[in-house]
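Please keep the model open while you read this note. Each point is meant to be checked against the structure.

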Amino acid sequence: MSEIIKKREILLDYLERKNYLKTSKVRDAMLAVDRRNFVRSSDKLLAYDDTPLQIGQGQTISAPHMVVMMLEELNLVRADNLLEIGSGCGYHAAVASKMVSKVTTIERIPYIHELACENLGGYENIEIINNLPILAVPTCDESDKTKKVPSVVNKLKTIARGVVLFAK
C-alpha cells in the first residue's frame, strides 16, 4: 500500500471512529478522490489533516469531516443529479461525482471558478457554471422574500435537472 493511500485510510478510519463516516458508499467515494490534488502546493503535507485549508480569495477547502457529514446527510444514490452552490476548489463535487450520475456546481468568484475548472477537468459527470445571474435575488421586503426565493430555487433545479439541491 502506498504511503498516500495509507494516509487517506488513516484519515477515513479516524472519521469512522468519530462517527462522521457511516457508510461504505461515502468511504469509497472519499478513497476515490485524492484531496492532495485540490490543495495548494504549499499545503500538500496537510492534505490528510482534518482541517480546512486556504484556496485563495478568502475561501477554503472544507475539512474532510465536513465533506463526509454533507454526503452522509444527503444520502445520495447513483440516479441523483446534484446541484451544488459554491464550487470552491471542486473537492466536494469530485467526491460527490463518484456517488451520483451528475454534479452541476456553481461558483461566483472568477478565480475560484477557474480553480474548480482546472481541478475538475477530468471529471466527465461534472458541469461547472460561473456567475449564474439568477443567483442574485433582488432586494425585497421580508414578506416578498418567501415568493422570490422559491422561484430562484426552482430555476436552479431546472438548470441541474436534478433531484438534490445542495448549498454550502
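The points below go from the overall fold to single residues.

1. Ground rules. This is a predicted model, in which local features need pLDDT of at least 70, side-chain atom pairs count only at pLDDT 80 or more, and totals for chains, interfaces and linings use all residues. Residues are numbered from 1 along each chain as its sequence is written, and side-chain values use heavy atoms, with hydrogens and water left out.

2. Fold. The protein chain has 6 helices and 6 strands. Helices (H or I, at least four residues) and strands (E, at least two) are DSSP runs, numbered from the N terminus. Along the sequence the pattern reads α-α-β-β-α-β-α-β-α-β-α-β.

3. Of the 168 residues, 42% count as buried. Buried means under 20% relative accessible area, with a 1.4 Å probe and protein chains only. Contact means heavy atoms within 4.5 Å. Take the contacts with a separation of 6 or more: 52% of them join residues 24 or more positions apart.

4. Helix α2. Which residues of α2 are buried? In this helix, residues 24-32, they are Val26, Arg27, Ala29 and Met30. They lie on the same side of α2, because they cover an arc of only 165 degrees around the axis. That arc is taken from the directions from the helix axis to the C-beta atoms. As a general point, an α-helix has 3.6 residues a turn, so residues three or four places apart point the same way. The buried residues of α2 pack against α1 (3-17), α3 (64-74) and α4 (91-97).

5. Nonpolar core. A nonpolar core is a set of buried Ala, Val, Leu, Ile, Met, Phe, Trp, Tyr and Cys residues joined through side-chain atoms within 4.5 Å. The largest one has 36 residues. Met30, Phe38, Ile61, Leu71 and Tyr91 have the most contacts inside it. At least two residues each come from α1, α2, β1 (53-56), α3, α4 and α5 (110-119). α4 gives the most, with 5 residues.

6. Met30. Leaving out residues up to four places away in sequence, Met30 touches Arg8, Leu12, Pro64, Val67, Val68, Tyr91 and Val95. Met30 also lines the largest cavity.

7. Cavity. The structure holds 1 cavity of 30 Å³ or more. The largest cavity has a volume of about 70 Å³. On a 1 Å grid over the protein atoms alone, a cavity is a set of points where a 1.4 Å probe fits but cannot get out; a pocket is an open set with protein on both sides within 12 Å along at least five of seven lines; lining residues have an atom within 4 Å of a point. Grid points are joined across faces, edges and corners, and a volume is the space filled by probe spheres set on the points. The cavity lining includes Arg8, Asp34, Arg35 and Tyr48. α1 supplies the largest share of this lining, 3 residues.

8. The largest pocket has a volume of about 360 Å³. Of its 20 lining residues, Gln59, Gly86, Ser87, Gly88 and Glu107 are the closest to its centre. β2 (59-61), α4 and β4 (102-107) each supply at least two lining residues. β2 gives the largest share, 3 residues.

9. His113. Beyond its neighbours within four places in sequence, His113 contacts Glu107, Ile128, Ile129 and Asn130.

Conventions
Buried < 20%, exposed > 50% of the residue type's maximum accessible area, 1.4 Å probe, protein only.
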